[in-house]
Amino acid sequence: MNKYYTSTRNGSVQISAKQAIKKGFADDKGLFVYPDLEKLQVNFEKLLKLNYQDIARAVLTILLPDFSADEIDESVHAAYQSSFDTQKITPVVPVDNFHILELFHGPTSAFKDVGLQLLPQLMKHVLVDNNKVMILTATSGDTGKAALEGFKGLDNMGIIVFYPDGGVSKIQKLQMITTGGNNTKVAAIEGNFDDAQTNVKRIFNDQALKKSLGDDVSLSSANSINIGRLIPQVVYYFDSYKQLVNDGSIEVGQKVNFTVPTGNFGDVLAGYYAKMLGLPVNKFVVACNENNVLANFFNHGVYDRNRPFFQTVAPSMDIQISSNFERLLYYKSGQDTEYVKQLMDDLEDSGKYEVSKEVLANIQQDFYCGYSTDDDIERSIAEVYEQNGYLMDPHTAAGYKVMRDYQKLDPETPMILLSTASPYKFVNAVANAVLPETSADVQQVMRDLHDATNAPIPDNLRKVWDLPVRHESVIQKDQMTDYVKQKVEEVFYDQDQGTRN
Ligand SMILES: *Cc1c(COP(=O)(O)O)cnc(C)c1O
């Protein structure tokens, strides 16, 4: 049996899971994929008897073949033992005639915690000989804080997060700048998210900088294309199915549908991995916001990013290139890496590509796609709250309307809607939908929303207002390289000697 990952753009690449986690993406810029996933069938009836952590162990054992049982055990335990506010980790709740899979019970109240609590623990077992890794992340909001929490306090690892000054919400900013730990660094960039992102990419390719950091320090990223972030997300698809079996909502073996609010296509792709591994799924309903490049693709087979970019009330889905879609093209083209490379070259050259009718039909067999406007999102939040007393965040709500459209075609199959953030994380959009008026003070909006709805405020969001601010740096774009140098020094060397401060 094959035990190696390959590249979506070059099938002759062979790389272990550990090296794939360390590198992030392939030298040919392709993404690491596991060939022939269908042949790895898990015994899913056995999984239905396990708790979340044991399902995670089973899934990781299959998809990370060069990790030892002890390494997987330790990683899963450290990631999920006490950082989520429920033993179930990702509980399913019934709403009307569908089910909501709540993915926001982690330390930062967004679904990225599921991947970013585990990735650093896996990274621990990838580092050898006291080597060190500094994680660099440009964030437009959710990823930064989730990554900070995941890497906080870990030996031989540090993390630097750059966010656009004025480009993230008040709550997101507070979450980041109050982060504890000696190995966490956060700086605002005078510029927008693209400036931060472009410069982080440039730093990754800065050979002079790498040399100056020395042989034992490498730079890495916590981006969602890393398999160490993707694979943990496969787990909750199995676990949610188990929950529905256990509460009598479905029979073992019965097919279900999942609706997934989508940005970079990582979350929904993890679901497709679960299906390839044997989970009985009929359709994945993919939901976009007004940045609906994917929804257009599903109509014609043309992926075209040459179009205006919209800032929406669901900012974590404001994306024009869904990076992980490349992995789906790999599987749906029959693992034809030359074909995928051609499409990706087209995308780079002209901002678009077109797939064959056959590939499009293969994709449509498993996926349906639609989108929600900001108006749709607000209406959905209000509707579900008024009719069912359930408060959705704007990303989840973007999924809701597309789910209802799809259910007109297929009303019978049980449906699970993935909820990717706590409503309190995007409290202004939610309050606008359900409260008659909203305060200009965000903390007050949070209290008002709680008073009106009784929906519990997650601890971390309730307490964030009172935490001391620990990261106040605001720097220019052209200071980022120096900032990295300085922080590598501080995190890995000054503390060893215990001289500073
Ligand atoms: C990141 C994010 C998404 C999109 O997930 P992808 O894996 O990028 O498709 C949706 N909702 C929220 C709240 C997010 O943070």
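Over residues 5-80 of this predicted model, the chain is 46% helix and 14% strand. In UniProt, an unreviewed entry lists residues 5-80 as "domain: Threonine synthase N-terminal".

Helix α4 (residues 69-80) packs against helix α5 (residues 112-124). Two packed helices are described by the angle between their axes and by the distance between those axes. For α4 and α5, the angle is about 140° and the axes are 8 Å apart. The pair is therefore oblique, since an angle has to be over 145 degrees to count as roughly antiparallel. The crossing of α4 past α5 is right-handed. On the α4 side, the contact is made by Ser75, Val76, Ala78, Ala79 and Tyr80. The α5 side contributes Val114, Gln117, Leu118, Gln121 and Leu122.

The structure holds 23 salt bridges. One of them joins lysine 29 to glutamate 348, with the closest N and O atoms 3.3 Å apart. This pair links distant parts of the chain, the two residues being 319 residues apart. Lysine 29 lies in the loop between α1 (17-23) and β3 (32-33), whereas glutamate 348 belongs to helix α15 (residues 337-350). Lysine 29 has a relative accessibility of 46% and so counts as partly exposed. Glutamate 348 has a relative accessible area of 56% and is therefore exposed, because the cut-off for that class is over 50%.

A salt bridge is also formed between the side chains of lysine 39 and aspartate 36, with an N to O distance of 3.8 Å. Here lysine 39 is exposed, at a relative accessible area of 59%. Aspartate 36, at 29% relative accessibility, counts as partly exposed.

In helix α18 (residues 394-409), aspartate 405 and lysine 401 are 4 residues apart, about one turn of the helix. Their side chains meet in a salt bridge of 3.5 Å, N to O. Aspartate 405 is partly exposed, with 26% relative accessibility, and lysine 401 is partly exposed at 25%. Neither residue counts as buried, because that class requires a relative accessible area under 20%. Lys401 and Asp405 also belong to a network in which salt bridges share partners. Asp376, Arg379 and Lys408 are joined into this network with them.

Notes. Residues numbered from 1 in each chain as written. Predicted model: local features only at pLDDT ≥ 70, side-chain atom pairs only at ≥ 80, totals over all residues. Heavy atoms only, no water. Salt bridge = Lys/Arg side-chain N within 4 Å of Asp/Glu carboxyl O. Buried < 20%, exposed > 50% of the residue type's maximum accessible area, 1.4 Å probe, protein only. UniProt positions renumbered as here; feature names shortened; annotations may be inferred. Axes fitted to C-alpha atoms, helices over the stretch in contact; angles between N-to-C directions. Parallel < 35°, antiparallel > 145°, perpendicular 65-115°, else oblique. Left-handed = near helix turned anticlockwise from the far one by under 90°. Contact = heavy atoms within 4.5 Å.
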